[in-house]
Amino acid sequence: MRWSPQAVPWGQTARFAAVGAVNTVTFYACYLPLHRVLPYFAAYTAGFLVSLVGSFFLNTHFTYRTRPTWRKFLLFPLTQVTNYLAQSAGLVVLVSWCGMNSAVAPLLAALLALPVTYLVSRRILLPDRREAATSDGHRPDDAGPQAAPPPPARSDEPA
């Protein structure tokens, strides 16, 4: 399957970006006060965990318009490990190697990890195509229910 601009769910991508902005504000509102009393990495981790819970609920309801479940809630943090590692590596590189201010570096690290975060959360929060097709009779890429096969011809009818 070739990529085309029509294949990108632009509305979903815009909602994801809006949720990301809210999550960034939430994270930063936790990070800055904690950074005054904790080392930057401990403050970063605490802020990340708080914003992770908010991210789950905002993304399920608003971005992907799907029902939150315990299974998704438990899987969501596991998939965010990739995001956490990407942001953490970016944070350490920006602060320790590049000498960037530790109050600003988390914002740039989050921006750089954004594509990974989108793909991973989309994979976890949207229903599997097979699961969605069997649970409601619709395939996710169809506009309506799957067409039923025509009934078999009766033996007393002409063919």
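Biologist: Where in H4 does the kink lie, and how is such a bend defined?

Modeller: The bend at a residue is the angle between axes fitted to the seven residues ending there and the seven starting there. In this predicted model, H4 has a kink of about 50° at Leu114, shortly before the proline Pro115. Local features need pLDDT of at least 70, side-chain atom pairs count only at pLDDT 80 or more, and totals for chains, interfaces and linings use all residues. Residues are numbered from 1 along each chain as its sequence is written, and side-chain values use heavy atoms, with hydrogens and water left out.

Biologist: Which residues of H4 are buried?

Modeller: Buried means under 20% relative accessible area, exposed over 50%, and partly exposed in between (1.4 Å probe, protein chains only). Among the buried residues of H4 are Ala113, Thr117 and Tyr118.

Biologist: How do I read aromatic pairs, and how many does the structure hold?

Modeller: A pair of aromatic rings is described by the distance of the centres and the angle of the planes. Rings of Phe, Tyr and Trp (its six-membered ring) pair if their centres lie within 6.5 Å; planes under 30 degrees apart count as stacked, over 60 as edge-to-face and the rest as tilted. The structure holds 13 aromatic pairs. Phe27 and Tyr31 are stacked, because their ring centres are 5.4 Å apart and their planes at 20°. Phe27 is buried at 9% relative accessible area, and Tyr31 is buried at 0%.

Biologist: What kind of pair do Phe56 and Phe57 form?

Modeller: With centres 4.9 Å apart and planes at 80°, Phe56 and Phe57 are edge-to-face. Phe56 is buried at 1%, whereas Phe57 is partly exposed at 38%.

Notes. Helix = DSSP H or I, 4+ residues; strand = E, 2+ residues; numbered from the N terminus.
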